[in-house]
Amino acid sequence: MDMLQTLSYAPGRLTLLDQTQLPEIETNVTLTTHEAVFDAIRTMIVRGAPAIGVAAAYGMALAAYQAPETQFLPYMERAGAYLVSARPTAVNLPWAVTRMLKTASAAASLPRPARIAALEAQAAAIHREDETSNRAIGEHLLSLLWDGCGVLTHCNAGVLATTAYGTATAPFYLAAERGWKLRIYADETRPRLQGASLTAYELHRAGLDVTLICDNMAAVLMRDKKIDAVITGCDRVAANGDTANKIGTFNVSILCRHFGVPLYIAAPTSTIDLACPDGAHIPIEERSADEVRRVRHTPITAPDVKVFNPSFDVTPADHIAAIVTEKGILRPPFGPALAKIKE
Ligand code: MRU
(Lines give C-alpha, C1' and ligand atoms only; values in the text may rest on other atoms or scores of the structure.)
Protein backbone atom coordinates (compact mmCIF):
# COMPACT_ATOMS: atom_id res chain seq x y z
CA MET A 1 0.00 0.00 0.00
CA ASP A 2 1.28 3.46 -0.90
CA MET A 3 1.08 5.38 2.38
CA LEU A 4 1.94 9.01 3.02
CA GLN A 5 4.76 9.90 5.42
CA THR A 6 3.64 12.45 8.03
CA LEU A 7 7.09 13.23 9.39
CA SER A 8 10.70 12.10 9.50
CA TYR A 9 13.76 13.19 11.44
CA ALA A 10 17.48 13.36 10.75
CA PRO A 11 19.89 14.88 13.29
CA GLY A 12 18.96 18.56 13.68
CA ARG A 13 16.21 18.48 11.01
CA LEU A 14 12.52 17.64 11.30
CA THR A 15 10.71 17.13 7.99
CA LEU A 16 6.92 17.45 7.92
CA LEU A 17 4.46 16.79 5.14
CA ASP A 18 2.68 20.16 4.83
CA GLN A 19 -0.94 19.14 5.47
CA THR A 20 -2.24 22.63 4.75
CA GLN A 21 -1.35 22.03 1.08
CA LEU A 22 -3.24 18.74 0.77
CA PRO A 23 -4.83 17.40 -1.29
CA GLU A 24 -3.57 19.64 -4.09
CA ILE A 25 0.15 19.41 -3.40
CA GLU A 26 2.26 16.85 -1.54
CA THR A 27 5.17 18.92 -0.30
CA ASN A 28 7.47 18.81 2.72
CA VAL A 29 8.84 21.50 5.00
CA THR A 30 12.10 21.04 6.92
CA LEU A 31 12.47 22.66 10.34
CA THR A 32 15.57 23.23 12.46
CA THR A 33 14.25 25.14 15.50
CA HIS A 34 11.62 24.52 18.16
CA GLU A 35 10.03 27.89 17.27
CA ALA A 36 9.46 26.63 13.72
CA VAL A 37 7.89 23.45 15.14
CA PHE A 38 5.58 25.62 17.29
CA ASP A 39 4.50 27.50 14.15
CA ALA A 40 3.92 24.25 12.24
CA ILE A 41 1.69 22.89 15.02
CA ARG A 42 -0.17 26.18 15.44
CA THR A 43 -0.83 26.58 11.71
CA MET A 44 -1.67 22.87 11.33
CA ILE A 45 1.09 21.96 8.91
CA VAL A 46 1.17 18.99 11.27
CA ARG A 47 -1.99 18.13 13.18
CA GLY A 48 -3.77 15.26 14.88
CA ALA A 49 -3.07 14.41 18.52
CA PRO A 50 -0.35 11.73 18.20
CA ALA A 51 1.44 13.51 15.34
CA ILE A 52 1.69 16.79 17.22
CA GLY A 53 3.03 14.87 20.23
CA VAL A 54 5.78 13.30 18.10
CA ALA A 55 6.52 16.61 16.33
CA ALA A 56 6.82 18.40 19.69
CA ALA A 57 9.19 15.68 20.95
CA TYR A 58 11.45 16.32 17.95
CA GLY A 59 10.97 20.06 18.56
CA MET A 60 12.51 19.50 22.00
CA ALA A 61 15.43 17.66 20.38
CA LEU A 62 15.94 20.72 18.14
CA ALA A 63 15.80 22.94 21.23
CA ALA A 64 18.73 20.94 22.65
CA TYR A 65 20.80 22.10 19.66
CA GLN A 66 19.69 25.69 20.28
CA ALA A 67 20.21 25.72 24.09
CA PRO A 68 23.14 27.83 25.37
CA GLU A 69 25.77 25.81 27.24
CA THR A 70 25.24 27.51 30.60
CA GLN A 71 21.44 27.72 30.48
CA PHE A 72 20.53 24.27 29.19
CA LEU A 73 17.68 23.27 31.51
CA PRO A 74 16.00 26.70 31.84
CA TYR A 75 16.14 26.98 28.04
CA MET A 76 14.61 23.53 27.59
CA GLU A 77 11.84 24.34 30.09
CA ARG A 78 11.00 27.56 28.23
CA ALA A 79 11.03 25.71 24.89
CA GLY A 80 8.72 23.03 26.35
CA ALA A 81 6.24 25.59 27.71
CA TYR A 82 6.26 27.36 24.35
CA LEU A 83 5.58 24.16 22.38
CA VAL A 84 2.78 23.15 24.76
CA SER A 85 1.10 26.53 24.21
CA ALA A 86 0.74 25.85 20.46
CA ARG A 87 -2.61 24.06 20.81
CA PRO A 88 -4.57 23.35 24.01
CA THR A 89 -6.82 20.31 23.51
CA ALA A 90 -4.69 17.30 22.54
CA VAL A 91 -2.98 16.00 25.68
CA ASN A 92 -0.32 14.19 23.62
CA LEU A 93 1.45 17.53 23.27
CA PRO A 94 2.13 18.15 27.01
CA TRP A 95 2.56 14.39 27.49
CA ALA A 96 5.43 14.24 24.98
CA VAL A 97 7.03 17.48 26.20
CA THR A 98 6.93 16.31 29.84
CA ARG A 99 8.68 13.10 28.82
CA MET A 100 11.33 15.06 26.89
CA LEU A 101 11.89 17.38 29.87
CA LYS A 102 12.55 14.38 32.13
CA THR A 103 15.23 13.24 29.67
CA ALA A 104 16.64 16.78 29.49
CA SER A 105 16.89 16.89 33.25
CA ALA A 106 18.61 13.48 33.43
CA ALA A 107 21.04 14.48 30.65
CA ALA A 108 21.75 18.03 31.87
CA SER A 109 25.22 17.29 33.25
CA LEU A 110 26.40 15.35 30.16
CA PRO A 111 28.61 16.91 27.47
CA ARG A 112 26.61 18.72 24.76
CA PRO A 113 26.75 15.95 22.08
CA ALA A 114 25.57 13.33 24.59
CA ARG A 115 22.75 15.60 25.79
CA ILE A 116 21.53 16.10 22.25
CA ALA A 117 21.84 12.38 21.52
CA ALA A 118 19.77 11.54 24.63
CA LEU A 119 16.97 13.89 23.56
CA GLU A 120 17.01 12.62 19.98
CA ALA A 121 16.85 9.03 21.26
CA GLN A 122 13.87 9.84 23.50
CA ALA A 123 12.01 11.57 20.65
CA ALA A 124 12.71 8.58 18.39
CA ALA A 125 11.35 6.27 21.12
CA ILE A 126 8.11 8.31 21.30
CA HIS A 127 7.93 8.12 17.49
CA ARG A 128 8.45 4.33 17.43
CA GLU A 129 5.90 3.77 20.20
CA ASP A 130 3.31 5.67 18.17
CA GLU A 131 3.95 3.42 15.16
CA THR A 132 3.65 0.27 17.26
CA SER A 133 0.53 1.47 19.03
CA ASN A 134 -1.17 2.29 15.70
CA ARG A 135 -0.91 -1.33 14.63
CA ALA A 136 -2.04 -2.71 18.00
CA ILE A 137 -5.07 -0.38 18.08
CA GLY A 138 -5.88 -1.51 14.54
CA GLU A 139 -5.77 -5.19 15.50
CA HIS A 140 -8.10 -4.61 18.47
CA LEU A 141 -10.53 -2.57 16.37
CA LEU A 142 -10.50 -5.18 13.64
CA SER A 143 -11.80 -7.73 16.16
CA LEU A 144 -14.96 -5.55 16.44
CA LEU A 145 -15.55 -5.46 12.66
CA TRP A 146 -16.20 -8.01 9.92
CA ASP A 147 -15.66 -8.41 6.19
CA GLY A 148 -18.19 -6.26 4.31
CA CYS A 149 -19.26 -4.02 7.17
CA GLY A 150 -19.82 -0.27 6.88
CA VAL A 151 -17.84 2.12 9.09
CA LEU A 152 -18.10 5.89 9.46
CA THR A 153 -15.22 8.04 10.65
CA HIS A 154 -15.03 11.74 11.47
CA CYS A 155 -12.13 14.17 10.97
CA ASN A 156 -8.72 12.59 10.34
CA ALA A 157 -7.33 10.05 12.75
CA GLY A 158 -5.37 8.48 9.92
CA VAL A 159 -1.80 8.15 8.74
CA LEU A 160 -1.62 11.95 8.62
CA ALA A 161 -2.64 12.36 12.28
CA THR A 162 -0.06 9.84 13.47
CA THR A 163 3.14 8.35 12.18
CA ALA A 164 1.98 4.99 10.79
CA TYR A 165 -1.48 3.47 10.13
CA GLY A 166 -3.46 6.06 12.07
CA THR A 167 -5.62 5.14 15.04
CA ALA A 168 -9.24 5.16 13.79
CA THR A 169 -8.08 4.21 10.29
CA ALA A 170 -5.65 1.47 11.34
CA PRO A 171 -8.29 -1.30 11.05
CA PHE A 172 -9.12 -0.09 7.53
CA TYR A 173 -5.53 -0.62 6.37
CA LEU A 174 -5.21 -3.93 8.23
CA ALA A 175 -8.53 -5.14 6.81
CA ALA A 176 -7.29 -4.32 3.30
CA GLU A 177 -4.07 -6.28 3.98
CA ARG A 178 -6.30 -9.26 4.81
CA GLY A 179 -8.43 -8.90 1.71
CA TRP A 180 -11.53 -7.71 3.59
CA LYS A 181 -13.81 -5.29 1.79
CA LEU A 182 -14.95 -2.62 4.24
CA ARG A 183 -17.27 0.17 3.14
CA ILE A 184 -15.74 3.25 4.70
CA TYR A 185 -17.59 6.56 5.00
CA ALA A 186 -15.72 9.77 5.83
CA ASP A 187 -17.47 12.88 7.17
CA GLU A 188 -16.07 15.92 5.37
CA THR A 189 -15.58 17.62 8.79
CA ARG A 190 -16.22 21.33 8.55
CA PRO A 191 -14.79 23.84 9.06
CA ARG A 192 -11.29 22.73 7.99
CA LEU A 193 -12.45 19.67 6.05
CA GLN A 194 -9.91 17.21 7.41
CA GLY A 195 -12.31 14.38 6.51
CA ALA A 196 -12.35 15.40 2.85
CA SER A 197 -8.86 16.74 2.26
CA LEU A 198 -7.02 14.25 4.49
CA THR A 199 -9.04 11.12 5.40
CA ALA A 200 -10.83 10.53 2.10
CA TYR A 201 -7.66 11.58 0.29
CA GLU A 202 -5.33 9.22 2.11
CA LEU A 203 -7.72 6.23 2.04
CA HIS A 204 -8.54 6.70 -1.63
CA ARG A 205 -4.84 7.14 -2.45
CA ALA A 206 -4.17 3.82 -0.70
CA GLY A 207 -6.84 2.13 -2.84
CA LEU A 208 -9.46 1.64 -0.10
CA ASP A 209 -13.23 1.86 -0.67
CA VAL A 210 -14.07 5.25 0.84
CA THR A 211 -17.20 7.36 0.32
CA LEU A 212 -17.08 11.02 1.27
CA ILE A 213 -20.21 12.53 2.85
CA CYS A 214 -21.13 15.97 4.13
CA ASP A 215 -21.46 16.24 7.89
CA ASN A 216 -25.26 16.35 7.74
CA MET A 217 -25.66 13.05 5.86
CA ALA A 218 -24.77 10.47 8.50
CA ALA A 219 -28.31 10.14 9.89
CA VAL A 220 -29.71 9.03 6.55
CA LEU A 221 -26.96 6.44 6.15
CA MET A 222 -27.59 5.10 9.64
CA ARG A 223 -31.34 4.98 9.05
CA ASP A 224 -30.66 2.97 5.89
CA LYS A 225 -28.46 0.55 7.87
CA LYS A 226 -25.35 1.35 5.85
CA ILE A 227 -23.25 1.98 8.95
CA ASP A 228 -22.44 -0.82 11.39
CA ALA A 229 -19.95 1.08 13.51
CA VAL A 230 -18.44 4.53 13.96
CA ILE A 231 -14.74 4.83 14.75
CA THR A 232 -13.09 8.15 15.60
CA GLY A 233 -9.82 9.20 17.14
CA CYS A 234 -9.60 11.53 20.10
CA ASP A 235 -7.51 14.32 21.51
CA ARG A 236 -7.99 13.68 25.20
CA VAL A 237 -9.75 11.01 27.26
CA ALA A 238 -10.77 12.27 30.72
CA ALA A 239 -10.60 9.98 33.76
CA ASN A 240 -14.34 9.21 33.55
CA GLY A 241 -14.21 8.27 29.84
CA ASP A 242 -15.52 11.54 28.38
CA THR A 243 -13.51 12.16 25.19
CA ALA A 244 -12.65 15.30 23.25
CA ASN A 245 -12.38 15.00 19.49
CA LYS A 246 -12.95 17.16 16.43
CA ILE A 247 -16.10 19.30 16.54
CA GLY A 248 -19.03 17.24 15.29
CA THR A 249 -18.02 13.99 16.97
CA PHE A 250 -20.61 14.73 19.69
CA ASN A 251 -23.34 15.06 17.02
CA VAL A 252 -22.33 11.71 15.55
CA SER A 253 -22.41 10.14 19.02
CA ILE A 254 -26.03 11.26 19.45
CA LEU A 255 -26.91 9.63 16.12
CA CYS A 256 -25.18 6.46 17.26
CA ARG A 257 -27.37 6.31 20.37
CA HIS A 258 -30.52 7.01 18.36
CA PHE A 259 -29.80 4.29 15.78
CA GLY A 260 -28.06 1.78 18.08
CA VAL A 261 -24.75 2.00 16.20
CA PRO A 262 -21.66 1.38 18.38
CA LEU A 263 -19.20 4.26 18.70
CA TYR A 264 -15.61 3.15 19.17
CA ILE A 265 -12.99 5.69 20.23
CA ALA A 266 -9.46 4.85 19.13
CA ALA A 267 -7.07 6.19 21.76
CA PRO A 268 -3.41 5.46 22.36
CA THR A 269 -2.74 5.48 26.12
CA SER A 270 -0.77 8.72 25.58
CA THR A 271 -4.17 10.37 24.98
CA ILE A 272 -5.58 9.34 28.38
CA ASP A 273 -5.40 12.14 30.94
CA LEU A 274 -6.23 10.83 34.41
CA ALA A 275 -5.50 14.28 35.87
CA CYS A 276 -8.56 15.56 34.01
CA PRO A 277 -11.64 14.32 35.90
CA ASP A 278 -14.25 14.75 33.16
CA GLY A 279 -15.04 16.41 29.84
CA ALA A 280 -15.95 19.75 31.43
CA HIS A 281 -12.29 20.14 32.39
CA ILE A 282 -10.89 19.56 28.88
CA PRO A 283 -9.70 22.87 27.35
CA ILE A 284 -11.42 23.38 24.01
CA GLU A 285 -9.53 25.33 21.36
CA GLU A 286 -11.37 28.11 19.54
CA ARG A 287 -9.93 28.91 16.13
CA SER A 288 -10.18 31.76 13.68
CA ALA A 289 -13.63 32.91 12.56
CA ASP A 290 -12.41 32.85 8.96
CA GLU A 291 -12.31 29.04 9.06
CA VAL A 292 -16.14 29.18 9.16
CA ARG A 293 -16.62 32.26 6.98
CA ARG A 294 -14.70 30.57 4.18
CA VAL A 295 -14.44 27.18 2.60
CA ARG A 296 -10.71 26.93 2.35
CA HIS A 297 -9.81 30.24 0.66
CA THR A 298 -13.25 31.07 -0.74
CA PRO A 299 -15.53 33.44 1.24
CA ILE A 300 -19.06 32.03 1.70
CA THR A 301 -20.70 34.76 3.78
CA ALA A 302 -20.40 38.38 4.91
CA PRO A 303 -16.76 39.00 5.85
CA ASP A 304 -17.70 40.27 9.33
CA VAL A 305 -20.59 37.96 10.26
CA LYS A 306 -20.38 36.68 13.86
CA VAL A 307 -18.94 33.17 14.14
CA PHE A 308 -18.68 30.44 16.79
CA ASN A 309 -15.77 28.13 16.01
CA PRO A 310 -14.83 25.62 18.70
CA SER A 311 -12.39 23.19 17.16
CA PHE A 312 -13.34 20.24 19.38
CA ASP A 313 -16.30 18.92 21.36
CA VAL A 314 -16.72 16.40 24.14
CA THR A 315 -18.50 13.10 23.66
CA PRO A 316 -19.94 11.93 26.99
CA ALA A 317 -18.70 8.55 28.21
CA ASP A 318 -22.19 7.06 28.11
CA HIS A 319 -22.34 7.54 24.32
CA ILE A 320 -19.23 5.39 23.81
CA ALA A 321 -19.39 1.61 23.31
CA ALA A 322 -15.63 1.06 23.73
CA ILE A 323 -12.36 2.96 24.04
CA VAL A 324 -9.77 1.02 22.08
CA THR A 325 -6.14 1.43 23.16
CA GLU A 326 -2.94 -0.34 22.11
CA LYS A 327 -3.24 -2.34 25.34
CA GLY A 328 -6.76 -3.58 24.73
CA ILE A 329 -10.46 -2.77 24.44
CA LEU A 330 -12.03 -0.90 27.37
CA ARG A 331 -15.75 -1.20 28.02
CA PRO A 332 -17.91 0.88 30.37
CA PRO A 333 -17.65 1.78 33.19
CA PHE A 334 -14.53 3.48 31.83
CA GLY A 335 -13.25 5.10 35.05
CA PRO A 336 -11.79 1.95 36.64
CA ALA A 337 -10.67 0.52 33.26
CA LEU A 338 -8.76 3.71 32.36
CA ALA A 339 -7.10 3.90 35.79
CA LYS A 340 -5.98 0.26 35.50
CA ILE A 341 -4.57 0.63 31.99
CA LYS A 342 -2.47 3.66 32.98
CA GLU A 343 -0.92 1.84 36.01
O1 MRU B 1 -7.66 19.95 14.59
P2 MRU B 1 -7.01 18.64 14.23
O3 MRU B 1 -7.01 18.36 12.77
O4 MRU B 1 -5.66 18.48 14.87
O5 MRU B 1 -7.98 17.57 14.91
C6 MRU B 1 -7.67 16.22 14.83
C7 MRU B 1 -8.67 15.35 15.47
O8 MRU B 1 -9.63 15.78 16.06
C9 MRU B 1 -8.36 13.89 15.44
O10 MRU B 1 -9.52 13.14 15.30
C11 MRU B 1 -7.66 13.54 16.75
O12 MRU B 1 -6.55 14.36 16.94
C13 MRU B 1 -7.25 12.13 16.80
S14 MRU B 1 -5.89 11.79 15.76
C15 MRU B 1 -5.45 10.18 15.92
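Pro191 sits in the loop that runs between β5 (183-187) and α7 (194-205). This is a predicted model, so keep that in mind as you look around. What kind of peptide bond joins Arg190 and Pro191? A cis one, with omega at about 5 degrees.

There is another cis peptide bond to find, going from Pro332 to Pro333, and here omega is near 0 degrees. Pro333 belongs to the loop between β16 (328-330) and α11 (334-341).

## A positive phi

Now turn to Cys155. Its phi is near 65 degrees, which is a positive value in a residue other than glycine. To find Cys155 in the structure, look in the loop between β4 (150-153) and α6 (170-177).

## Who surrounds the ligand

How many residues surround the ligand? There are 18, and the closest of them are Arg47, Arg87, Gln194, Asn245 and Lys246. Sorted by class, the shell around the ligand has eight nonpolar residues, six polar ones and four charged ones.

Where does this shell come from? Domain 1 (7-134) and domain 2 (144-341) each give at least three residues to the shell around the ligand.

## Polar contacts and cover

Let's zoom in on the atoms. Gln194 has a polar side-chain atom 2.8 Å from an oxygen atom of the ligand. With Lys246, an N or O atom in the side chain is 2.6 Å from a ligand oxygen atom. Gly48 takes part through its backbone: a polar backbone atom there is 3.0 Å from an oxygen atom of the ligand.

How much of the ligand's accessible area does the protein cover? On its own, the ligand has 420 Å² of accessible area, and the protein covers 99% of that. As for its place in the protein, the ligand sits in the largest cavity.

Notes. Residues are numbered from 1 along each chain as its sequence is written. This is a predicted model: local features need pLDDT of at least 70, side-chain atom pairs count only at pLDDT 80 or more; totals for chains, interfaces and linings use all residues. Side-chain values use heavy atoms; hydrogens and water are left out. A residue is near a molecule or strand if one of its heavy atoms lies within 4 Å of it. A polar contact is a pair of N or O atoms within 3.5 Å; within protein, one must be able to donate a hydrogen and the other to accept it, and residues adjacent in sequence count only if both atoms are side-chain atoms. Accessible areas come from the Shrake-Rupley method with a 1.4 Å probe; for residues, only the protein chains shown count as cover. On a 1 Å grid over the protein atoms alone, a cavity is a set of points where a 1.4 Å probe fits but cannot get out, and a pocket is an open set with protein on both sides within 12 Å along at least five of seven lines; lining residues have an atom within 4 Å of a point. A molecule sits in a cavity or pocket if more than half of its atoms lie within 2 Å of its grid points. Ala, Val, Leu, Ile, Met, Phe, Trp, Tyr, Cys and Pro count as nonpolar, Asp, Glu, Lys and Arg as charged, and the others, Gly among them, as polar. Domain bounds come from an automatic or database domain assignment. Helices (H or I, at least four residues) and strands (E, at least two) are DSSP runs, numbered from the N terminus.
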